[in-house]
Amino acid sequence: MAKFYYEDFTPGKTIEYGPRLITREEIIAFAAQYDPQPMHLDEEAGRNSLLGGLGASGWHSCGIMMRMICDAFLLDAASLGAGSVDEVQWLRPIRPGDRLTLRCIVLETRTSRSRPELGIVHTRHELYNAHGEHVMTMVAPQMLRRRNPGAPS
Amino acid sequence: MMRFFEDIRVGDKVTIGSHVFLAEEIMTFARQYDPQPFHIDEKLGETSHFGALVASGWHTAALWMRKTVDYRKREADAMRRRGEPVPVIGPSPGFKDMRWLKPVFAGDTIAYTTEAIETRVSKTRPEWGLVRLLNSGTNQRGVQVISFISTAFIERRDKTPL
């Protein structure tokens, strides 16, 4: 049974999760399958690129962040999925050995008139490395079931 | 788009490739990166609001990247064979307006396209042009399932600042 519903997420609520260690092996394994560009596969190619060293694919960064969101709260929430993402910024490459922490800040919430069983929680998700450097931001709406469908909000 | 910045026009559109999403691959991706019930198990998919196993939206997006890398490599190889210079494409700072318009089910074939919607020279790094791309994926029934807008740094032939 889900522990968290729409009503549990209010503007300003902040959830933190981590750290999670990123390995060289997983950076290369993801890149080999989904983004086989040299700077995601090889140290020297990374050094010779604008990344300045081996760095994870931006799409791997999205997967890492999504998994951390799942582990932080989403798997315990009455999720109805997400139909969109407003914006993702890849600010710094994720490197082998990085220990990443996730911070999720609820921006705004709203219910749906046409679908009274669900509410939408707009959240800004941020990833930081162990040096406190901001590596990635994602802003996205998450659809969640309501405890009290159709109740005034 | 595998061209120098100067050779890209707003409205240029290319088909970059397609991918068949099989159940095993959908579940393997999701177990690692998006383990929500409707992405990791066929039975749980059937009892979810989707009514069947569906691919993680991040999986659908990652395959756009893979098809783009393969497309650029094919184009670059063809340019080298013709003795033409090959443009360098730089890293992307991100994307916006990702829309997962319809679910991707096991067995669906998604065809991906990329269209240039804006071009400008980078003010801070004049050796690069910035191109905004509208990327899209459509299933075998002709229904669009994903779209998003990305930005790419693309090498200029002419490196002089504007």
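Two residues are taken to be in contact if their C-beta atoms, placed from the backbone, lie within 7 Å. The model is predicted. In that sense of contact, and leaving aside neighbours within four places in sequence, A:I69 touches A:L74, A:L102, A:C104 and A:H125.

**Nonpolar cores**

- The largest nonpolar core holds 65 residues, and A:M65 and A:I69 are the members that touch the most others.
- The element that gives the most to this core is α3(A), with eight residues.
- Another core, of ten residues, lies apart from the largest one; B:F5, B:A116, B:V131 and B:I154 are among its members.
- As general background, nonpolar side chains tend to be buried together in soluble globular proteins.

**Interface between chains A and B**

- Chain A contributes 26 residues to the contact, and chain B contributes 22 residues.
- On the side of chain A that touches chain B, α3 (58-72) and β2 (84-90) each supply at least two residues.
- That side of chain A comprises 14 nonpolar, eight polar and four charged residues.

- The axes of α3(A) and of helix α4 (residues 57-81) of chain B come within 10 Å and cross at roughly 170°.
- Angles over 145 degrees count as roughly antiparallel, and α3(A) and α4(B) are therefore roughly antiparallel to each other.
- From α3(A), the residues A:W59, A:C62, A:G63 and A:M66 meet B:W58, B:A61, B:A62 and B:M65 of α4(B).
- The contact of α3(A) with α4(B) has seven nonpolar residues and one polar residue, with no charged residues.

**Strand pairing across the interface**

- Strand β2(A) pairs with strand β2 (residues 94-100) of chain B in the antiparallel sense, over five bridges.
- Within this topic, A:V85 has B:M98 in β2(B) as its bridge partner.

**Strands and hairpins within chain A**

- Strand β3 (residues 99-111) and strand β4 (residues 118-128) of chain A run antiparallel and are joined by ten bridges.
- A:T101 stands opposite A:Y128, which belongs to β4(A).
- Six residues lie between β3(A) and β4(A), which form a hairpin.
- β4(A) also pairs in the antiparallel sense with strand β5 (residues 134-145) of chain A, over eleven bridges.
- The bridge partner of A:L127 is A:M136 in β5(A).
- The hairpin of β4(A) and β5(A) has five residues between the strands, and in this hairpin A:G132 takes a positive phi near 80°.

Notes. Residues are numbered from 1 along each chain as its sequence is written. Chains are lettered from A and ligands numbered from 1 in the order in which they are written. This is a predicted model: local features need pLDDT of at least 70, side-chain atom pairs count only at pLDDT 80 or more; totals for chains, interfaces and linings use all residues. Helices (H or I, at least four residues) and strands (E, at least two) are DSSP runs, numbered from the N terminus. Ala, Val, Leu, Ile, Met, Phe, Trp, Tyr, Cys and Pro count as nonpolar, Asp, Glu, Lys and Arg as charged, and the others, Gly among them, as polar. Two strands pair if DSSP finds at least two bridges between them. A nonpolar core is a set of buried Ala, Val, Leu, Ile, Met, Phe, Trp, Tyr and Cys residues joined through C-beta atoms within 7 Å. A residue is buried if 20 or more other C-beta atoms lie within 10 Å of its own, exposed if 12 or fewer, and partly exposed in between; C-beta atoms are placed from the backbone. Axes are lines fitted to C-alpha atoms, for helices over the stretch in contact, and angles run from 0 to 180 degrees between N-to-C directions. Angles under 35 degrees count as roughly parallel, over 145 as roughly antiparallel, 65 to 115 as roughly perpendicular and the rest as oblique.
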